[in-house]
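Here is a friendly briefing to read beside the model. Please have the sequence and the structure open as you go.

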Amino acid sequence: MSNFINSMTQLRTLDSLAKNKSFIHLLNPFTKLITTILVIYTIISFNKYEIAKQIPIFLYPLSIILISNIPIKTFFKRLLWIMPIVLVLLLILILDTYTQAKLFSFVISDILLLIISIIIKSILTTFAIMLLIATTEIERLAICFRKLYFPQILILQFLLTYRYFNLLIEEMRIVYAAHKLRSPKKSNIFKCFQGAILGQILVRSYMRAQNIYQAMRLRGFSGEFYTNKNFAFGLMDIMYLLFWSLFLFMIKYTDFMLAFVKALL
Amino acid sequence: MHITDIFLSPVVAVSMLIISVLVLAFAIKRVQQNPNEEKISLMGVLSSFVFILQIFNFAIPNTGVHGNLVGGMLLSILLGPYAGFITICSVIIIQAFFFMDGGIFALGCNIFNMGVCPSFIAYPLIYSNIIKHGYSTNKIYIAVFLSTIIATQLGTIGVVWETILSKKFIMPITNFILLMHSINFIFSIIEGVITATVVNFIWKVYPGMLYLNIVNSRVKKIC
């Protein structure tokens, strides 16, 4: 249940963060989406021996967090998900034969290098996607996908899933409260009733969702999105995209940023 | 079950994305040929339901590994393979964007492993064949349980080969395959039980929600 509560809290936090009005928030969603894809592509294209080259990419999330006034603790909570991967890797790879590898001027084992590489890549990819969501409202993102010719039915599903989520939670609360009132001394739901309760939540939610959808249709909803917001590329969008493209290109194909980090160390 | 960006090479990720997009385009075309107003709200509710199911993680003792339910079979059973596939795609996209399960580059692989395998392999080959002569509690349990386990294991094969082809894992292949299949087998049993119980309940209480409504099709044939 704690997983569920955490996920709900995270969803609401990201939703509220996306409504801020910073320079990053006001950028075109296309710009942010393309930048995020470029960042992730650069990260995953590095092999495990290129750890030093990946470190300068941390400047991307750090600068965006600072500019867009997003509380950094929101992101650190989410980073805990990589811990199981690291534990499994440690457990399995510890039995593997050790080979030597070099990181900066330190000689470390190949396994440790792989684990460091995975941790860095996980942190960076998580940061990149979270920053996109924390600085872009879901409706703007949906319109962005639609402008990119994503199928209407898929976008509709994307938004309905997000919106019906609260409806389902409400139904879950009602059913759970009813169960608690009928069996007040039982802390957990009996296993034999769990399937029936899940089914009941599903049927009740479906009926309510159908009413909501029919009401939407009666008010003229056809599944298409209409907006008066301007989605044209501005000068700031072009500058933003060019800056990060150049930054990533330098990290990937030159040693300039690596030399900079080495000088700092 | 979600494979993440970091375990994939760009070539594998993009290739799988192209395959998944083609399958998705085919599924969308088939759904648009027979538009059903009621199905759209059901798709929305079910995607939220599967989304919530995927949030609940199951911990495997002494391994530190957490996995989640897939829900692809449940969606195919209630919506049909095409609409079910579109719905699982939207769930995977939301999971990737909002909960960082998987990732943007891994979308193609995840859609293939968790969407194509249950909707286009396990559903038509196993579930439909067992159920085609009518529903009963035993048949539902056997069909759902078998198809869920096979869909999950096929998805696991996908995960294993995508990781191997990406050359991002230095573990011996046999160990990796055994570990992945054993972990996902446990999840598939849990998922099979949950899906079978829910489908059985819906068949008893609200059979109109099931995609392959045998009773209705027989009535139509008689008429």
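**Cysteines, salt bridges and a helix**

Over all chains the count of disulfides (pairs of cysteine sulfur atoms within 2.5 Å) comes to zero. This is a predicted model, where local features need pLDDT of at least 70, side-chain atom pairs count only at pLDDT 80 or more, and totals for chains, interfaces and linings use all residues. Residues are numbered from 1 along each chain as its sequence is written, chains are lettered from A and ligands numbered from 1 in the order in which they are written, and side-chain values use heavy atoms, leaving out hydrogens and water.

**Cysteines of chain B**
- B:C89 is in no disulfide, as the nearest cysteine sulfur, in B:C117, is 12 Å away.
- B:C89 is buried at 0% relative accessibility (buried is under 20% relative accessible area, exposed over 50%, partly exposed in between; 1.4 Å probe, protein chains only).
- For B:C109, the closest cysteine sulfur is that of B:C117, 11 Å away and too far for a bond.

**Salt bridges**
- The whole structure holds two salt bridges over all chains (a side-chain nitrogen of Lys or Arg within 4 Å of a carboxyl oxygen of Asp or Glu).
- One joins A:E171 and A:R204 at 2.7 Å, N to O.
- A:E171 lies in helix α9 and A:R204 in helix α10 of chain A, so the pair ties together parts 33 residues apart in sequence (helices are DSSP runs of H or I, at least four residues, numbered from the N terminus).
- A:E171 also meets A:R208, at 3.2 Å, N to O.
- Shared partners join A:E171, A:R204 and A:R208 into one network.
- A:E171 is buried at 2%, while A:R204 is partly exposed at 35%.

Notes. Helices (H or I, at least four residues) and strands (E, at least two) are DSSP runs, numbered from the N terminus.
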